[in-house]
Amino acid sequence: MQLGPQNNFFPDLTVTPRTDIIFFCSPNNPTGHAATRKQLQHLVEFARDNGSIIIFDSAYAAYISDDSPKSIFEIPGAKEVAIEISSFSKFAGFTGVRLGWTVVPEELLFSGGFPVIHDFNRIVCTCFNGASNIAQAGGLACLSPEGFQAICAVIDYYKENAKILVDTFASLGLEVYGGVSAPYVWVHFPGSKSWNIFAEILEKTHIITVPGSGFGPGGAEYIRISAFGKRKHIIEASWRLEKLFSKGKPLCNCLK
């Protein structure tokens, strides 16, 4: 499903074909967009009308800064059409430790009336023996009052990093998305190929970005910047970008 600024980063469901499974990530990686309540209501209605199951990835929900839903189950009727997956990886830095969860409502049924959770339980119990005790202990520590307070402080830190990056690219006259309810900044370079943008920034500033085309054809003119990092590195990267452009050397085609 094509997502971009032209459709407010939400698919045009009037032309979206019927499908068994809909994968939807909010806040989105890489665009940083958090779906609004109205958008998710449309998505739930579409799934109900078409007999589809939504796989809703809420791994970045802790970064939401406005009233956008943090869970698909905030939407009436979602328990009948959706499965929600999430992880400690993004909000608690558990990447590599591997600890997450899946919510499969009892109300979610196949077309024949059989509960989806029964099949899900059978598959998981057959293929997986569960997260390690070490990972689970770490997860419990994160959910303790002290742990959760520390996590919230780290999230705020990364959101401040994102704001620095957004302000930097905006000051250079570029269209910037995300960075408010997500740790990612999605920058548009009209008329340029993302791999060329990536290569030029790497060569001239030694900053690593992610070419947008790696996320699909809709990202061909974009790069993704991550706010995961130390403040001094974010500030240094912003300074290098500003220095590069202040020399009057346009990046690819976009600033000529």
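Visitor: What makes the sheet with the order β1-β2-β3-β4 an open sheet of four strands with mixed pairing, and what counts as a strand or a pair here?
Guide: A strand is a DSSP run of E with at least two residues, while a helix is a run of H or I with at least four; both are numbered from the N terminus. Two strands pair if DSSP finds at least two bridges between them. The open sheet has the order β1-β2-β3-β4, and its pairing is mixed. From one strand to the next, the twist averages 15°, with axes fitted as lines to C-alpha atoms (for helices over the stretch in contact) and angles taken from 0 to 180 degrees between N-to-C directions.

Visitor: What is the basis for all of this?
Guide: The model is predicted: local features need pLDDT of at least 70, side-chain atom pairs count only at pLDDT 80 or more, and totals for chains, interfaces and linings use all residues. Residues are numbered from 1 along each chain as its sequence is written, and side-chain values use heavy atoms, with hydrogens and water left out.

Visitor: How do you know that β1 and β2 are joined?
Guide: Five bridges join β1 to β2 (residues 53-57), and a pair needs at least two, so β1 and β2 count as paired. The two strands run parallel. One of the bridge partners is Asp57 in β2, which goes with Cys25.

Visitor: Why is Cys25 called buried?
Guide: Its relative accessible area is 16%. Buried means under 20%, exposed over 50%, and partly exposed in between, with a 1.4 Å probe and protein chains only. Cys25 therefore falls in the buried class.

Visitor: How do you know whether Cys25 is in or out of a disulfide?
Guide: A disulfide is a covalent bond between the sulfur atoms of two cysteines. The criterion used here is a pair of cysteine sulfur atoms within 2.5 Å. For Cys25 the nearest cysteine sulfur belongs to Cys152 and is 20 Å away, and Cys25 is in no disulfide. The structure holds zero disulfides.

Visitor: What rules on Cys125, and why is this residue called exposed?
Guide: The closest cysteine sulfur to that of Cys125 is in Cys127, at 9.7 Å, which is too far for a bond. The relative accessibility of Cys125 is 51%, so this residue counts as exposed.

Visitor: What makes Pro27 and Pro30 worth a remark?
Guide: Most residues other than glycine have a negative phi, and most peptide bonds are trans. The bond from Ser26 to Pro27 is cis, with omega near -5°, and the bond from Asn29 to Pro30 is cis as well, with omega near 25°. Pro27 lies in the loop between β1 and α1 (37-50), and Pro30 is also in the loop between β1 and α1.

Visitor: What is the phi of Arg98, and what is the phi of His206?
Guide: Arg98 has a positive phi of about 65° although it is not a glycine. Phi of His206 is near 60°, again positive in a residue other than glycine. Arg98 is in the loop between α2 (88-91) and β4 and is exposed, at 59% relative accessible area. His206 is in the loop between α6 and β7 and counts as exposed at 61% relative accessibility.

Visitor: Why are β5 and β7 called edge strands?
Guide: They belong to an open sheet of four strands with the order β5-β6-β8-β7 and antiparallel pairing. β5 (175-178) and β7 (210-211) each have a single partner strand, so one side of each is left without a neighbour in the sheet. Helix α6 (residues 194-205) packs on this sheet, touching β7 and β8 (222-226), and its direction makes about 45° with that of β8.

Visitor: What makes a nonpolar core, and which residues touch the most other members of the largest one?
Guide: A core is a set of buried Ala, Val, Leu, Ile, Met, Phe, Trp, Tyr and Cys residues joined through side-chain atoms within 4.5 Å. The largest has 21 residues, of which Phe169, Val185, Val187, Phe189, Ile223 and Ile225 touch the most other members. Its largest share, five residues, comes from α7 (231-246).

Note on methods. Contact means heavy atoms within 4.5 Å.
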